[in-house]
Amino acid sequence: MPKDSTNLSASSTASSPVDDHTSSFGERRRATNEDQPLILNVQRSLDGADPDESPGHRRNTALGLWLMVTSSLFYSWMTLLVKVGSNMGIPSFQLVFARSILQLVFGLAACAGAKVQPFGPKENVGWMFARGLFGSMGLAANFYSVTVMNLGDATTIFFTSPIFTALFAWIFLGEAFTGALVVASVLSLTGVVLVARPAFLFGDSAEPSSDMALAGAGAALGAAILAAIAYVIVRKVGTQVHFLVNVVWFGAVSSVLSPFAAFML
């Protein structure tokens, strides 16, 4: 074989090392459409064509929706267990700590299995800490609301989070906030008022809510807002970090903060 042919073959081999092949999962993630809105907004372009009709985009959207539904289901089961734990006399911050430790351990194990650096690149440490901080505060507020009020009411208020997510995505990421989302926001917040039934609106004719239940409703609403901020941060960072890095940071920050909060409050 001629020398030039040998050099060409060596150059081709050097340009496609095994490491590039093993990182194909990360490359595929980067190849997804990062311009897709955080809250889906179905609309047609001016010429009547749908710009997001590619099969790959539809598959990614369907997978994302399925994962969000599954996440909501598991989160609901988790809050049920929190309610059971609170009925057994376990303080909410101890429940937060137990949950956070398990999340951190499983997150680190998953990172090890996927060969992912668990805390991500240095340039994103600030964003990841902020995601963990807001997520931790939201988790603590949600657990508190579950322990002091009806589980269904607390869950209903907390799941107004997508409305705040759409609002913050519009403010900070420039995503569309359509008329339909405005109507949904008004209806959602009206539902929160009907669930909380504050005395200053319903007066003595309504069954009065206890101060503890009103505090729980406020905590659930605060948890929804804090969770929305955390989601927007995840979207802001995008595929610059592996999704497991978000899991690890959330668990790590919450594991550190929850014991201090348990002693101080």
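Biologist: Which residues does proline 259 touch, not counting residues up to four places away in sequence?

Modeller: This is a predicted model. Proline 259 lies in helix α12, which covers residues 243–264. Contact means heavy atoms within 4.5 Å. Not counting residues up to four places away in sequence, the residues that proline 259 touches are Phe97 and Ser254.

Biologist: What distance separates the C-alpha atoms of proline 259 and phenylalanine 93?

Modeller: The two residues are 166 residues apart along the chain.

Biologist: Is glutamine 103 buried or exposed?

Modeller: Glutamine 103 sits in helix α5. Leaving aside neighbours within four places in sequence, glutamine 103 is in contact with Val247, Phe250 and Gly251. Buried means under 20% relative accessible area. Because its relative accessibility is 14%, glutamine 103 counts as buried.

Biologist: How does proline 259 count at 26% relative accessibility?

Modeller: Buried requires a value under 20%, and exposed a value over 50%. Proline 259 is at 26%, so it counts as partly exposed.

Biologist: At what angle do the axes of helix α5 and helix α6 cross, and what does that make α5 to α6?

Modeller: Helix α5 covers residues 92–114 and helix α6 residues 125–148, and their axes come within 9 Å. They cross at roughly 130 degrees. Therefore α5 is, relative to α6, oblique.

Biologist: Which residues of α6 make the contact with α5?

Modeller: From α5 the contact takes Ser92, Phe93, Leu95, Val96, Arg99 and Ser100. The residues on the α6 side are Leu139, Ala140, Phe143, Tyr144 and Thr147.

Technical notes
Residues are numbered from 1 along each chain as its sequence is written. This is a predicted model: local features need pLDDT of at least 70, side-chain atom pairs count only at pLDDT 80 or more; totals for chains, interfaces and linings use all residues. Side-chain values use heavy atoms; hydrogens and water are left out. Axes are lines fitted to C-alpha atoms, for helices over the stretch in contact, and angles run from 0 to 180 degrees between N-to-C directions. Helices (H or I, at least four residues) and strands (E, at least two) are DSSP runs, numbered from the N terminus. Angles under 35 degrees count as roughly parallel, over 145 as roughly antiparallel, 65 to 115 as roughly perpendicular and the rest as oblique. Buried means under 20% relative accessible area, exposed over 50%, partly exposed in between (1.4 Å probe, protein chains only).
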